[in-house]
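Me: Hi! Could you walk me through this one? I'd like to start with the overall picture and then look at some details.

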Amino acid sequence: FKGGDTCEYLLSSGRFLGEKVWQPHSCMMHKYKNSEAKNCLIDKHVVFIGDSRIRQLFYSFIKLINPQIKEEGIKHGNIPFEDKSASIKVDFLWYPEVNGSMRQRIKSWTEGSVAKPHIIVIGAATWSIKIHNGSNEALAQYKINITSIAPLLEKLAINSDVYWVLQDPVYEDMLSESRKMITNEKIDAYNEAAVRILNSSSRNSKAKVKVFSVSKLIAQETIMKSADGLHLPESSRDTNAMILMNVYCNKIMKPIDGSCCQPQPPLTLIQKIAFCFFTLSIIGYLIISLIHRNNYRKNKSCTDLESGEEKKPAISLPNVSTLEMLLHCFCKLGLIMTYFYLCDRANLFMKENKFYTHSSFFIPIAYILVLGVFYTENTKETKVLNREQTDEWKGWMQLVILIYHISGASTFLPVYMHIRVLVAAYLFQTGYGHFSYFWIKGDFGVYRVCQVLFRLNFLVVVLCIVMDRPYQFYYFVPLVTVWFMIIYATLAVWPQIIQKKANGNCLWHFGLLLKLICLLTCIYFLSYSQGTFEKVFSFWPLSKCFELNGNVYEWWFRWKLDRYVVFHGMLFAFIYLALQKRQMISEGKGDPLFSNRVSNVLLFISIVSFLTYSIWASSCKNKTECNELHPSVSVVQILAFILIRNIPGYVRSVYSSFFAWFGKISLELFICQYHIWLAADTKGILVLIPGYPMFNVLVSTFIFVCVAHEISQITNDLAQIVVPKDNSTLLKRLLCIAGFFSGLHFFSAMQDQS
């Protein structure tokens, strides 16, 4: 609502998620690794000035640079630290009181050509309270002293980052007798004096001393765990050090999950062109709509005043032209993309970090399961994996994946392993669905290929342009696109073997199996030859599609993780369709798939297999080791689910229309969540309504689902226009699309050079 500087929020407000995770108000905090901290602070000089509390903060800060450092320095003296590999200097200067000595040290940095520290963290008060027994005279002297150093700090703040750390509250019951005079009432008085005096004379916004008051909020929650009632526990001071690192480094390192203190990224050339295109589309659509509306009013039916009869218009209302439909789609898409940009690129809406709890994942899962079962209807057909059933399967899987993402459940390994099976099941359906289509219909025409590629990639291409993200960032779409092309190439290459041809001669079945074996061999070879894989996808123009952060490793990792499951889907489709053709399975309404005895045995094996996989996944201790086994064993739970869902006749004859509705827009849901449900490219959560987490999720979810549904309709409408059935028209459209991508590449090259 206020907009403004997220740095101010980071330094002054926030709350704990759980016991140790600090959530700043309105923005996300990045957890810096020591390598990132070194890159940010290279050639920098940082100074901490103050008492033992500032010394604690100093140690927590340098541990972000070198975790091996131990707190072995002199207690009441200066402590130097230097990292020669990155030319970083961090010094602690022992000045427990705000007095003439501290003023002299600060003044030395403001005079002449003396090298000034890049960051100054300063604060003191408890020693003044202790030494002077909490007297009012000491507070008055503190005000005088801080008034004398304030202009010097403001002068330093012009070129350096200066932070004044307010005094944390104490836990009075735990204080030793020598510290009993340090009360929270006295600390509040000293803090109030510091806040009132600092920046009071400064009119220059650049010359402001930043008040580090968030430490007080953190201490209020954690000081009870203090060892002596005065010093913060280690986890709290580590949080303070991480906040300091975010305040200074986020604008330099620009981490995706660190939205605090990051300025809004400037519009790229391609984004500006996209903005102009959508603006012109909206204007064009409005002009055409006004013209049509005026024509309609002129020709509208009217009543003859003399006869009282209705006159018929001479001209009927014209049908919507292709141009108007095109502009209508781009008009809606332009408004939707504006919302995308405002949510995840402009600093308009707040963003927060994810925080996982078991209840935040499993309670919504139980809720949607109850809803899904409530909306049960009969299927139109009772075949295995019929359309309603596959839509239902996609729908509930997508909802589970969405809950997994927003709850941050990837940190819980058993949930992560089960979600990996759901992603594999999507790819299994890709193999099953596309193989079945080509095998039964034998349609290898360009129209079919273009329709599939357009529907899969349209939204992602638009988002790559509007959100300035590489194609590989939306990893699932490149994955299903490549696998579709592999399936197409496998079946379309000579000899083309389809069901109609194979029915005449059984040898064709062996020919198809030979093709599938060749495909499996290629997959196996590429999965164990990373160098060959990277060479294949490092050639231009493939490299432009599959590189992320300058290499194709992420693409290699994603492809390898589910490398066999599409093949499993194709093989399952082949076996199922062969059994169906020979009438070896019963797919009548209410009939079990096989004989009662075989059905019971298979059902028992399926349930045992399903539970065995879940037990194994839940006992995983290491993500890397489990990921190595996942490609080979994920098919066990997928096949077990298919058999459990299809062997009993009644279960096969019903489906959940609730889940099926979401299944029809599952691809749009998966892609849209990146920017308008989650935030910071899935690293955080979008906050439309601050302070009300549940209400916020309800509102953002409603908008998110409506937008995904609308984009699905837009994609379907545009697919009919952009990909026509007429081959000559289609060829012209393909040339236009090639020209579009050539222009995109040209502007991208211009952008990179600038």
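Reply: Happy to! Helices (H or I, at least four residues) and strands (E, at least two) are DSSP runs, numbered from the N terminus. By that rule the protein has 29 helices and 15 strands. This is a predicted model, where local features need pLDDT of at least 70, side-chain atom pairs count only at pLDDT 80 or more, and totals for chains, interfaces and linings use all residues. Residues are numbered from 1 along each chain as its sequence is written, and side-chain values use heavy atoms, with hydrogens and water left out.

Me: What does the C-alpha trace span along its principal axes?
Reply: About 100 × 80 × 55 Å.

Me: And how many of the 754 residues count as buried?
Reply: 51% of them, taking buried as under 20% relative accessible area, exposed as over 50% and partly exposed as in between (1.4 Å probe, protein chains only).

Me: Which domains does the assignment give?
Reply: Domain 1 covers 38–235, domain 2 is made of 322–347 + 384–491 + 503–723, and domain 3 is 725–753. Those bounds come from an automatic or database domain assignment.

Me: How far apart are the C-alpha centres of domain 2 and domain 3?
Reply: They lie 27 Å apart. Domain 2 brings 11 residues to the contact and domain 3 brings 12, with contact meaning heavy atoms within 4.5 Å.

Me: What area is buried between domain 2 and domain 3?
Reply: About 880 Å², with carbon and sulfur atoms giving 70% of it. Buried area here is the accessible area (1.4 Å probe) that two parts lose on being put together, summed over both. On the domain 2 side, Y447, K544 and V722 supply 41% of the area buried against domain 3, more than any other three residues.

Me: How many salt bridges are there across that interface?
Reply: The rule finds 0; it asks for a side-chain nitrogen of Lys or Arg within 4 Å of a carboxyl oxygen of Asp or Glu.

Me: Switching topic: where is N696 found, and is it buried or exposed?
Reply: N696 sits in helix α28 and is buried, at a relative accessible area of 3%.

Me: What is N696 in contact with?
Reply: Leaving aside neighbours within four places in sequence, N696 is in contact with L686, V687, L688 and I689. A polar atom of the N696 side chain lies 3.1 Å from the backbone oxygen of L686.

Definitions and conventions. A polar contact is a pair of N or O atoms within 3.5 Å; within protein, one must be able to donate a hydrogen and the other to accept it, and residues adjacent in sequence count only if both atoms are side-chain atoms.
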